[in-house]
Amino acid sequence: MTSHPHTFLVRRVSVVRMFGWICAVAAFVPTAGRALAIEEASIADLHAAFREGRLTVRQAVEQHLERIEAYDKQGPLLNSIVNLNPKALAEADRLDAEFARTGRLSGSLHGVTVLVKDCIDAAGMPMTGGFQGWKNYVPPTDAPLVARLRAAGAIILGKASLSEFTRGGGDNINSVLPGFARNPYHTAYATGGSSGGSGNSIAAGFATVAIGTDTGGSIRMPAAHNALAGLRPTVGLVSRTGIVPNNSIRDTAGPMTRTVDDLARVMDVIVGLDPADPATTRAVPHIPATYTASLDKKALVGARLAVLRQVFRPERTDPRIIDNFEKTIAELRAAGAVVVDDFRVPELDTLPRAPQTSARRKADMIAFLAAHPGIPYPSPREIADSRLAHPLHQAGLEADAAAGPVETDKATLDGLATEEAYRVAFTKAMDAARIDALIFPTWAQLPAINGDRNTQITDDPRPAPDAAPTALGSSLTFVASTMQWPGLSVPNGYAGPGLPLGLQIVGRAWDDARVIGYAYAYEQATRYRRPPPSTPPLGPVTHPR
């Protein structure tokens with residue numbers, strides 16, 4: 001383990017754990033016999049334990065670090081962490097001292113450990129984007145969303161693995177620097193991407209919550225594969241400043257959590273105006289006082305939910321997923337929803353998929369690099385010429401470097417028109433049927449086997465572009481991404497060798513609170529979330545007296 005990038009920190013945890021506890025809890029005597037199961041603890045659980053003297057922030061951080069040490073680079077080898085915050089324990093001590101002095105939590109996320117996808121700036125830690133050319137680049141400032149997390153009392157525990165430059169969906173292996181990430185429910189399978197490290201780390205209890213990013217589905221895919229709640233917010237609610245771009249029209253960041261309650265609490269912190277991101281200005285009138293107000297077990301009563309069968313047709317969808325979704329419909333109806341099962345968007349069958357273009361990526365990357373002086377390979381051409389990227393990405397990086405201006409790129413302009421056509425078509429159909437939200441699976445196939453790229457799932461293989469379905473190309477997340485509307489994946493069962501499945505709920509622009517409410521009511525009615533078998537508890541915590 002000597003080559004592990006955070007060996008010093010985890011060794012320090014192991015050596016000083018007992019003495020650290022003694023020092024950290026000297027101001028009070030913990031309550032005996034009520035140890036907290038850190039691997040599934042929610043924000044509310046942590047805060048109750050802090051207030052009651054059963055846990056300190058240092059203890060919470062230490063326990064998460066010990067789980068990372070046990071399971072990330074050994075044991076099941078989940079490989080979800082790129083690097084850790086070397087100041088995490090010091091930050092925990094500061095919060096504990098403040099709480100001992102004031103008796104009050106420092107904010108709504110006091111002591112909550114957060115893993116941030118490693119395409120997001122966090123001062124004091126490298127920001128790699130999964131690219132080995134940036135492995136030693138440390139941004140001088142936090143991205144605004146990270147600054148908001150810290151201001152609320154959160155501890156940024158570390159940076160989570162991703163597909164390189166956030167380019168990846170069905171797997172999380174196409175990056176030289178972090179390498180393979182594995183699904184804790186069955187390590188032969190993919191985590192989903194590109195926020196795969198954010199997904200498998202929270203499923204495994206390496207932190208309380210994580211932040212991912214989503215352009216075409218990169219929060220919802222790993223949320224579905226790892227039995228998490230993951231929200232792609234309406235574009236503009238969360239600042240994108242300090243985040244490696246993929247497509248500035250669609251890019252957004254959002255929470256990935258084990259409970260919808262935690263998801264709402266994180267949303268309360270990360271949404272808000274950022275003068276450097278013009279998209280956030282249009283969001284301000286749509287931000288509720290708190291997203292937690294939508295956490296109502298009866299939120300589904302009377303809600304009109306439309307099944308969008310046009311995107312998960314039997315010829316392209318695993319029968320087990322279709323069978324599971326029929327059960328999901330029954331569960332939603334039992335919870336009081338009005339499920340409209342003959343809903344159609346007539347234009348959807350003929351509208352093309354709006355592309356993510358090289359011209360857009362080039363323009364967005366140039367702007368990002370200009371705001372990061374000192375970053376290695378500071379242009380799309382230099383990144384491509386470095387040939388340090390994963391071979392799967394080299395052709396795309398070459399295309400980006402050679403692209404012309406975004407303002408005159410036909411594919412980009414046609415794509416914008418297609419996105420608007422989607423919004424018009426879906427709004428018209430939803431208005432006509434009085435639909436509150438759309439429902440359909442998050443993914444049309446079970447997770448891919450790690451390393452099994454684009455194998456056709458059919459007895460009648462066909463060449464591209466008419467190829468049959470593959471596990472990697474089975475995302476159903478394009479609908480919300482194309483329209484920049486909110487999409488949430490919530491656990492809704494398991495199939496095959498115990499692999500999680502996700503229910504996707506898509507609302508109209510700014511209906512994030514409503515979507516959260518529906519997900520919460522469904523979660524509370526079904527309780528599908530269960531911890532993965534590969535990362536069991538490390539044992540009871542023994543508090544010194």
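**Reading helix α9**

Student: Which exposed residues does the face of α9 turned away from its buried side carry?

Tutor: That face carries Pro319, Asp323 and Ala334. Exposed means over 50% relative accessible area, buried under 20%, and partly exposed in between (1.4 Å probe, protein chains only). Helices (H or I, at least four residues) and strands (E, at least two) are DSSP runs, numbered from the N terminus. This is a predicted model, where local features need pLDDT of at least 70, side-chain atom pairs count only at pLDDT 80 or more, and totals for chains, interfaces and linings use all residues. Residues are numbered from 1 along each chain as its sequence is written, and side-chain values use heavy atoms, leaving out hydrogens and water.

Student: Which residues of α9 are buried?

Tutor: They are Ile321, Ile322, Asn324, Phe325, Thr328, Ile329, Glu331 and Leu332.

Student: What do the buried residues of α9 pack against?

Tutor: Think in contacts, meaning heavy atoms within 4.5 Å. The partners include β10 (487-495), β11 (499-506) and α15 (512-526).

Student: Tyr522 is in helix α15. Is Tyr522 buried or exposed?

Tutor: Tyr522 counts as buried because its relative accessibility is 1%. Leaving aside residues up to four places away in sequence, Tyr522 touches Thr328, Glu331 and Leu332, among others.
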